[in-house]
Amino acid sequence: MLGEEEQKIVCNDGDILNAKWDACIDLSLRRVFYTSVTGAVSSLVLFRGPASRWAALAFGAGVGIGSAYTESSRILEGSLPNWTSKTALPPTDEQN
């Protein structure tokens with residue numbers, strides 16, 4: 001039987017990356033679903049108007065998407081692109 005370190009050597013990087021993406025997709029679907037359901041139930045209890053109810057549902061879905069993105073970027077260890085533009089960063093001594 002292979003030990004844990006030997007199994008890591010046998011697995012190639014593609015298998016590890018696929019497992020990370022599978023975990024991120026599963027996590028994202030579950031969090032968006034659960035927070036949307038929570039938003040829908042709380043909107044039924046708290047609000048009377050349809051616009052308020054949709055807003056609460058959208059807020060719940062947004063919370064789920066944001067938390068899933070944060071956790072997925074932690075799982076993928078920063079392999080997601082960095083969208084920060086260089087013009088938004090303060091100037092440093094190296095740029096002079």
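This is a predicted model: local features need pLDDT of at least 70, side-chain atom pairs count only at pLDDT 80 or more; totals for chains, interfaces and linings use all residues.
1. Arg30 is partly exposed, at a relative accessible area of 40% (buried means under 20%, exposed over 50%, partly exposed in between, with a 1.4 Å probe and protein chains only). Its side chain meets that of Asp26 in a salt bridge, 3.2 Å from N to O; the rule asks for a side-chain nitrogen of Lys or Arg within 4 Å of a carboxyl oxygen of Asp or Glu. Asp26 is partly exposed too, at 39%.

2. Residues are numbered from 1 along each chain as its sequence is written, and side-chain values use heavy atoms, with hydrogens and water left out.

3. The salt-bridge count comes to two, and the other one pairs Arg74 with Glu71 at 2.6 Å, N to O. Both residues lie in helix 3, three residues apart, or about one turn of the helix. Arg74 counts as exposed at 53% relative accessibility, whereas Glu71 is partly exposed at 23%.

4. On the overall fold: the chain has three helices and zero strands, running α-α-α from the N terminus on. Helices (H or I, at least four residues) and strands (E, at least two) are DSSP runs, numbered from the N terminus. Of the 96 residues, 12% count as buried. Among contacts (heavy atoms within 4.5 Å) between residues at least 6 apart in sequence, 68% join residues at least 24 apart.

5. Helix 3 covers residues 50-75, and its 26 residues reach 37 Å from first C-alpha to last, close to the 38 Å expected at 1.5 Å a residue (the expected span is 1.5 Å times one less than the number of residues). Its buried residues are Ala56, Gly60, Ala61, Gly64, Ala68 and Ser72. Just after the helix, Glu77 takes a positive phi of about 55 degrees.

6. A polar atom of the Ser43 side chain lies 2.7 Å from the backbone oxygen of Ala40.

7. Seen from the helix 3 side, Arg53 is partly exposed at 30%. Beyond four places in sequence, Arg53 contacts Ser43, Leu44, Phe47 and Arg48.

8. Which residues form the nonpolar surface patch? They are Phe33, Tyr34, Val37, Val41, Leu44, Val45, Leu46 and Phe47, with about 830 Å² of accessible area together. Patches take residues with over 30% relative accessible area and no salt bridge, joining like charges within 9 Å and nonpolar side chains (Val, Leu, Ile, Met, Phe, Trp, Tyr) within 5 Å. Leu44, in helix 2 (residues 13-46), is exposed at 55%. The whole chain exposes about 7,900 Å², with carbon and sulfur atoms supplying 63%; accessible areas come from the Shrake-Rupley method with a 1.4 Å probe, and for residues only the protein chains shown count as cover.

How values were computed. A polar contact is a pair of N or O atoms within 3.5 Å; within protein, one must be able to donate a hydrogen and the other to accept it, and residues adjacent in sequence count only if both atoms are side-chain atoms.
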